Amino acid sequence: MTADNCRGNAVDESRRGDECLAEARYLLEGGFWNAAVSRAYYAAFHWAFALLMMKGLEPKTHRGVIQLLQLHYVETGAFSSTAAAALGELETYRELSDYNAKARFDEKRAAAEIQRAETFIASCRPLLR
């Protein structure tokens, strides 16, 4: 993958992340709190993937994204461990939302997860410039 391809793919991923964040907010307003939690995770996920694409990395799993973010950004000091941990927490809630029929999130939790995604994304933006 060329540097231009890496950059272009990263921009596409970040745009997808922004779209997912807008979807999460829309779902929150509509009272679809489980779905809002799920979309909040995907917003952060796409931004994390964008950072990895900048380095020519294309993980194949969600767990791979988290592990490579840790290895290539946190351990190098480019990204805070607190911000990276937020992605793992978002993933946990997304898995509950998507795969546990008994999981029920309320408006407060959904809003908190959207805020967590927004904070994560804010940490990513300077690294994509």
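**Entry 1: the model.** I am working from a predicted model.

**Entry 2: α2 beside α5.** I began with helix α2 (residues 33-54) and helix α5 (residues 107-128), whose axes lie 9 Å apart at an angle of about 10°. That makes the two helices roughly parallel, because angles under 35 degrees count that way. I also noted that their crossing is left-handed. Which residues meet here? From α2 they include Trp 33, Ala 40 and Trp 47, and from α5 they include Glu 113, Ile 114 and Phe 120. By class, I found 19 nonpolar, no polar and three charged residues in this contact.

**Entry 3: a bridge from α5 to α1.** Next I turned to salt bridges, and the structure holds eight. In one of them, Glu 118 pairs with Arg 25, with 2.7 Å between the closest N and O atoms. Glu 118 sits in α5 and Arg 25 in helix α1 (residues 3-29), so the pair ties together parts 93 residues apart in sequence. I looked up their accessibility too: Glu 118 is partly exposed at 23%, and Arg 25 is partly exposed at 39%.

**Entry 4: Arg 116 and its partners.** Glu 89 and Arg 116 form a salt bridge at 2.1 Å, N to O. Glu 89 belongs to helix α4 (residues 81-99) and Arg 116 to α5, 27 residues apart. Arg 116 also bridges to Glu 113, at 2.9 Å between the closest N and O atoms. Those two residues are three apart within α5, about one turn of the helix.

Is Glu 113 buried or exposed? I have it down as buried, at 0% relative accessibility. Through shared partners, Glu 89, Arg 109, Glu 113 and Arg 116 join into one network of salt bridges.

Technical notes: Residues are numbered from 1 along each chain as its sequence is written. This is a predicted model: local features need pLDDT of at least 70, side-chain atom pairs count only at pLDDT 80 or more; totals for chains, interfaces and linings use all residues. Side-chain values use heavy atoms; hydrogens and water are left out. Axes are lines fitted to C-alpha atoms, for helices over the stretch in contact, and angles run from 0 to 180 degrees between N-to-C directions. Helices (H or I, at least four residues) and strands (E, at least two) are DSSP runs, numbered from the N terminus. Angles under 35 degrees count as roughly parallel, over 145 as roughly antiparallel, 65 to 115 as roughly perpendicular and the rest as oblique. A crossing is left-handed if the near helix is turned anticlockwise from the far one by less than a right angle, and right-handed if clockwise. Contact means heavy atoms within 4.5 Å. Ala, Val, Leu, Ile, Met, Phe, Trp, Tyr, Cys and Pro count as nonpolar, Asp, Glu, Lys and Arg as charged, and the others, Gly among them, as polar. A salt bridge is a side-chain nitrogen of Lys or Arg within 4 Å of a carboxyl oxygen of Asp or Glu. Buried means under 20% relative accessible area, exposed over 50%, partly exposed in between (1.4 Å probe, protein chains only).
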